[in-house]
Amino acid sequence: MLVLLAAIGLTVPGASAQQGAGGPVPASAVQPDYDALFKEMYQRPTDLDISFKFAHQAVARGDYEAAIGALERMLFFNSDLPRVKLELGVLYFKLASYEIARGYLIDAIKGGNVPDDIRAQVMAYLAEIDRRLATYEYSVFLHAGMRYQTNANIGPNGLQVRALGQDAILDGRYGRKPDWSTFQTVAASYAYKLNLRGDAIETTFLGLNSRQMTLSQFNLGLVEVTLGHRVGLGQNASFKYYGIGDKVWLGDYSYFSALGGGLSARTTLGNLGLVEGYVETRHRRFSDSTYFPTAGDQTGDLLSAAILTDFRWGGVHLTTRAGYDGNKAIADYNNYKRYSIDVALPIEFVLPVFGAPRAFVFAPTAGFSQANYETPNFIVDPVIIRRDQEYRYGAIFDAQIVDNVGLRTQVTYTKIDSNLPNYRTNNLSASIGPTLRF
Amino acid sequence: MRRVSGQRIGQSVMAALAVAMFSASALAQEVGKASAVNPNATANLRTITIGASITHKERIQTTSAGSVQLLFLDKTSMTVGPNSDLTIDEYVYDPNAGSGKLAATLGKGALRFVGGQISHTGDAEIRTASATVGIRGGVALIGTHHVYAGYGSSTVSSGGSTVTLGAGEYTALQGGQPPSPPGPPPPNFVLNQIQLFQSGSGQFGGVARGAASQGNVQRAESRATGTPGGSVAGSLTPQAPPPPTPRINPVVSTLNQTIQTSTQQSAVQPLAQQIQQEQAANARPSLTLTGFVGGLMTSVFNASTYYAPSSTGVAGGTASVALDATTGRMQANFNGDVAHGPNSYYLPTTFNYQFGSTDPNLDAQGAYGDYNHFGGAAAEDKTGKPLSTINGLPVTNQVGAMLTVTREQARQLTSDDGSAATTNFCQCDYTRWGLWANQSTRSSYADTILGFWVAGRPTTATEVPTSGQATYAGHVIAAIDNQGTQYVSTGNFSNTVNFGTRSGQVTVTGLDSTNYTGQVQFLPDPRNFAGSLAGDTGARQMALTGSFFRGASSPVGEMGGAVAISGTNYLGGGIFAAQKK
């Protein structure tokens, strides 16, 4: 259970073996050469070597417009350069200026002497542009596999716990137990574009099914659906307001249902990457069950807020999430405030496998959460207020097998320190299984 | 100052760029260069060639086949299409700050604007005959009758109205009328514009024919990238779009903690209950418990020194146990009858035993340690004579005791038949049970009792439900006489009570390797019930009498009673205790 986050691949935003590797290098790393090259090109615009060197540097630092100026000059010198037109199409594509990109690409294959490889590349880009200019957009991520956990039931490290403020020995059946499980996850999104400005109706779906080999009371099912309206704010920013519905099953019984809403906003920060923030609130209604007869005590409102970043700095890719959760339950002792930080460093590389290049992503992850409860739980200890610190360390390794099919291997170690022994626990989890995204 | 108008150099194919400037313009500050020109100008006015300086306030005109690319100090590039007229009105650029201002007027024709530093940090402004276009951070295709924003955003003002174009949006301009609403460009508009800004057939942008041949271009690019066949634009194969940045789901991220909370709450609940019971038990309440006794009595006739005949029968009756926390005393009174079976000749009929005393004038003969630990010995009057009676007459010598029994002690009492190991002894909140053993004499008789008592907190008749169903689980413990051999055995007890039909379905399992099933019926006082059970071994039968007792969470939360067992050469007497599940 402790590795649910990682199991469905949500600790590593953007980490994907199918994702392109590399990115612009920091401006500071190339600025002196870059300015000097521009001056040279400015003085000698007819010098092809200098123009291409400048364009190369411009692309490296993400200044696609400067590179476009240099390449468009080539078409002044010779308008019959299909490859340069292809490259201009690619650069405009990178700027998301899809109509101009399409114009250059069509122009590139207009003549009869276009090499086959260029024609194929042009056709591939045209198809991708068509897809992006379509009135809808969707993505689906599927992952299934096997997982082993050393503490699948979140049992405390020791059987000596607190009950009614006294030391007590827990029934052995609540002690930590290892288990195998199989799991399947689906994360899908669909957007219907209302215009070219980023306005869209968006819906997302998250599904998770986990079946334990022996501890069936921890079989988990989760479905979350969101539906919202995204409003574009200029070229690189937008906000979205949306509704949320959740349904969770635990031990094959209903665990809780939730309804809520959220507001999110995101913007790109130049070439650095993406920043997104959101605030969500849900009313969760828990159901008592045979295995969890007191689950209903957690019924209440969960407020969540977080800032997410996805930055690329030269060869470094960094994703972070800083979050806050505030829970208000019908039982005061289940009220808490929780502060979290998670980081991932996806390292993307391409290696030839059986003669074909394959993309790989290795992503070390780390996270920390501090949960402070509001009042003591008299059943556990009428005096001590629960304080938990959760540490998460792990790594995800995604390997592309073919096209959009991959294999994900994941290892996660989770440790919870608490001022109450009932909640001190740790778990090592390892999982492996195929991924499919389209 | 005097401005010299640019002059078109004939109507030839020449794309002459006549530069109208002040006479002192050559000395003016350079703001850019003509980085490509179609064709070279040959006019008598200053006709720009590739590499020519562009200065402030410069006016550039092209013919029907002419075009020029201007490269500015801030890396902005402008392509001026054929039949165009462009004047650089203002250009200020601070390279240290990376900011400045660019303003130009497109008198006619078409312009492609690819932004540099100035449009990244502020607006670049292009005026046309009918509109003013502000460009921020991007690429724009501008004509006297249209504006298309390829990248970034553009504001277009005309006829007193302003529209803002996002990337990929187009607006049409009609002679001073407000711009049309932003929308997609007309079909083939962008493609036509691209071709418009390229060199035509036989044009080479100001370099020698062949200087930018495909081969030369490819070689230059390879040298620039350091890779044969390298591309400055990067991969020429489209990458699959990165999946939308998935984020850590708030529900999922807190789910682990949520489930842990539920799990540990479930785990600690029984512990807390157990502690509460212990705390309640340790509270030493002062109260009187009522209940039942059951056991086997053996009476021996000692009239002859040579011959001592005996009889064994089942003894059963009621129990009253008074607990006084103030004095630490207890008093148990067990009153009942002895059933007369086949061998009953020497047995008495009734008994009234007292163990311990709460009378402060008498010896305590017992102690009340706590609710789990109390017991008493044979009570005596002030003269030391036993207070117990048999058949209504005082006994002469009495040695005996009653005391509470724990599960562990019960297991030691039982025989080695293994039944105690698998018996789920009642973990009753309030009901207590224990051992009762006594030996006394009357006349020539010696009467020995081995049995058990159970007593609970009485409930009231009105508190007994009249509908619904409940299952009680606990244990039976009994003294057994099996063909003359006596021992103790235990078994599991279950009673599924239907309060509506005033009955209960009882099963006793594993008692001396025998299972019993049968029904009990409520008595007129609904707190009490009785019935008989049939065993599955031989002809064994069990008569059962019991009562509901108060529990911690229900007035009928517990029950207890006496059992009397009979069979072929087989007798048993004992008690049962159970708690509502």
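The buried residues of helix α5 of chain A pack against α4, α6 (98-108) and α7 (116-133) of chain A, together with α3 (214-225) of chain B. Buried means that 20 or more other C-beta atoms lie within 10 Å of a residue's own; exposed means 12 or fewer, partly exposed lies in between, and C-beta atoms are placed from the backbone. This is a predicted model: local features need pLDDT of at least 70, side-chain atom pairs count only at pLDDT 80 or more, and totals for chains, interfaces and linings use all residues. Residues are numbered from 1 along each chain as its sequence is written, while chains are lettered from A and ligands numbered from 1 in the order in which they are written.

- Helices (H or I, at least four residues) and strands (E, at least two) are DSSP runs, numbered from the N terminus.
- α5(A) covers residues 82-94, and its end C-alpha atoms are 18 Å apart, which agrees with the 18 Å that its 13 residues should span at 1.5 Å a residue.
- The expected span is 1.5 Å times one less than the number of residues.
- Twelve of the 13 residues of α5(A) are buried, including A:Arg83, A:Lys85 and A:Glu87.
- Just after α5(A), A:Ala96 has a positive phi of about 65°.
- In α4(A), 14 of 14 residues are buried.
- α4(A) reaches 20 Å from its first C-alpha to its last, close to the expected 20 Å.

**Nonpolar cores**
- A nonpolar core is a set of buried Ala, Val, Leu, Ile, Met, Phe, Trp, Tyr and Cys residues joined through C-beta atoms within 7 Å.
- The largest has 97 residues; A:Ala67, B:Phe113 and B:Ala140 have the most contacts inside it.
- Helix α4 (residues 64-77) of chain A gives the most to this core, with ten residues.
- A second, separate core of 76 residues includes B:Val488, B:Leu511, B:Phe529 and B:Met542.
- Contact means C-beta atoms, placed from the backbone, within 7 Å.

**Sheet in chain B**
- Strands pair if DSSP finds at least two bridges between them.
- An open sheet of eleven strands runs β19-β20-β23-β24-β25-β15-β16-β17-β18-β21-β22, with antiparallel pairing.
- Its edge strands are β19 (366-370) and β22 (393-394), each pairing on one side only.
- β15 (287-301) and β25 (445-456) pair over twelve antiparallel bridges.
- B:Met297 has B:Ile449 of β25(B) as its bridge partner.

**Chain A overall**
- Chain A has seven helices and 17 strands.
- Buried residues make up 46% of its 438 residues.

How values were computed. Two residues are in contact if their C-beta atoms, placed from the backbone, lie within 7 Å.
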